[in-house]
Every structure is written in structure tokens, then in C-alpha cells.
Amino acid sequence: MKLGMVGLGRMGGNMARRLVNGGHQVVGWARTQASVEALAPHGIGAAASLAELVKQLPSPRIVWLMVPAGEATEQSVRDVAALLSPGDIVIDGGNSNFKDDVRRGKELAKKGIRYVDVGTSGGVWGIERGYCLMIGGERAAVELLAPIFRTLAPGRSGIAPSPGREKKPSTAEDGFLHCGPVGAGHFVKMIHNGIEYGIMQAYAEGLDILRCAAKPEVPADQRFDFDLADVTELWRRGSVVGSWLLDLTAMSLAESPNLEEFSGFVQDSGEGRWTVETAIEEAVPAEVLTAALYTRFRSRQEHTFAEKVISAMRHKFGGHVEPKKP
């Protein structure tokens, strides 16, 4: 298939490359022309403007947006929609609030333009590992886009379906899923990221306790000097707490046992807040996820080793570089 990719940063650029490697045609545009030129050697077509990008696409035109959530996405949707025709499709693959998706989907539907929201997880490693895709939109549009999703997704990757899944197979086993109507994809991604906050916080606090076991104030016969790189490497093998986040933590600690280069300042990207807000709206208790969010707020005031661990994990999976403490 042929599509346009608007936004060619760490995620958008790598996704464009994975699509081209999978046999699709991609025309790219970004506000920074250097980003467009950098991808030309990888087979991504260049467009000097949004209008030129749209002109290069066959009908129905497919335009995938990978731009920062908020006003940047809002403006991009408006600009692209002004150039499209009934039947064309706009995909928002960023981290938008699902409520904005619902509103934008209704606005575009009045013009006959289809809107699909895709929560995308995979970070800077997605070009090799593939991207987990959580999709919202009308079924016909999602089915039309299935070849694109299948190329971006990890596929089976040697992971057998969970016992019992053979009775209810779906594309979930391949790493992408139509979660429901417009907004459903980013809703699932929002909760995904809220859970991510909690898992990261649990690892970070546990490792901080292990590290502090060596403090002088601890009784001598209860004092332990643990090698955290070895401990996390151990946990990767056969432990029930194994995960990709643990893999990244072990990698970070092997490279820098004390994580000196990390400030401990940890940003929250929006989805964690929205998860807590939605829990409040639904009257669902979410103590762990809420506490994890508040800890990120606290990290901007006084940094602990636990916060450095989270900062290191974020850097590994998403290329996030946290600002140094003022």
C-alpha cells in the first residue's frame, strides 16, 4: 500500500522505514526538511509540503500522523483534512487523549473523511521488534488498513498464543487489535501507559531498597552490598517478574551501575494523568497507578536512585532524555 507519513521523528521515521522494508510505499513530510532528507536513502519519498504529500497518494488517500499530542496533532488533523476527500483516512498514531479522538472523528465524519486512532507502543526499538498497535475506528477502515498494521506489528515472534486462545483467534496474537470505535485505541493505550508507570515504579523502588541495604546505618549483620546489574540479570531468567522493562533496566545497570548520568527527573507524558482522571470519572480505585504518577511529580523536586532507574528505563525504550536538575 501507499501512504503518507507526517512527522518523521524517532517513532515516525522508524515506522516509515519498517513499512518500506515490508514492501509498502511511504511519502514523508516533516516541519524540519532535514528529517525528510535523512530518510531519502531508506526509500521514503519526500514531499515539500502537505499538499504535495497528498497529491502523491492514490485514492483513498491514507495519511498517518506521528506528531506530538495536543495542539500539534490538532493543527495537523485540520491541515490534512482540508486537503482530503470523502473516503480518505486520517490516522493519529501519537498519544492523543481518547476524548479528542472522539471529537475529531465526528468532525471529520461530517466531511466523509474516516478517522482512525492507533495507540502505538514500541519506542525506538520498534523498527526491529515491531510495534504493538491498539486501534480505534470504523471496521471497514481498519480492515482496509490491515496490511499496514500487519507490517508494523511484531507478528507471532515465536510467542505461542495463551492456552485457550485457539478457540478465539484474533489479530491480537500478531500484535495489533481493533479495540472498538474511534477513541478505543487511544483509550487502551492510555491504560497501557498507566500500567507502565506502576510497573516501572515497582522495579525502581525495589532496586532502591536493595541498594540501600549497604548503608552504614544498617546493622552490620544485616548489611548487604548487592550487585544490581547481576540481580536484574538474574531476574530475567525464570523469574515471574521478568519483562521487557526489566531487560532494559538490566541493560542500563550493566552500562552504568550507579546511573550517574541520569538526573532522576522523570517526566509524565500525559497518559498517566488521563488514566487517573478516567479512573476518577469511572469511580474505579487505582491506588498504585495514582501513586506512580505522583512520584513522577515528586521526582522534579528531590531525586532518589529509584527515580534514576525510571529515567534510565525511559531512555532505553523511548530515547527520552530527561533534563538535568536545575
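## Burial of helix 11

The buried residues of helix 11, where buried means under 20% relative accessible area with a 1.4 Å probe and protein chains only, are covered by elements that include helix 9 (184-212), helix 10 and helix 14 (305-318). The buried residues themselves are Leu245, Leu246, Leu248, Thr249, Ala250, Ser252 and Leu253. Helices here are DSSP runs (H or I, at least four residues), and strands are runs of E of at least two, numbered from the N terminus.

The model is predicted, and local features need pLDDT of at least 70, side-chain atom pairs count only at pLDDT 80 or more, and totals for chains, interfaces and linings use all residues. Residues are numbered from 1 along each chain as its sequence is written, and side-chain values use heavy atoms, with hydrogens and water left out.

## Packing against helix 10

The axes of helix 10 (residues 228-235) and helix 11 (residues 244-255), as lines fitted to C-alpha atoms over the stretch in contact, with angles from 0 to 180 degrees between N-to-C directions, come within 8 Å and cross at roughly 155 degrees. The two helices are therefore roughly antiparallel, a term for angles over 145 degrees.

In this contact (heavy atoms within 4.5 Å), Leu228, Ala229, Thr232, Glu233 and Trp235 of helix 10 meet Leu246, Thr249, Ala250, Leu253 and Ala254 of helix 11.

## Backbone features in loops

Ser59 and Pro60 are joined by a cis peptide bond, with omega about -5 degrees, and Pro60 lies in the loop between helix 3 (50-55) and strand 4 (62-65).

Leu259, although not a glycine, has a positive phi of about 50 degrees, and its relative accessible area of 1% makes Leu259 buried.

Notes:
Parallel < 35°, antiparallel > 145°, perpendicular 65-115°, else oblique. Buried < 20%, exposed > 50% of the residue type's maximum accessible area, 1.4 Å probe, protein only.
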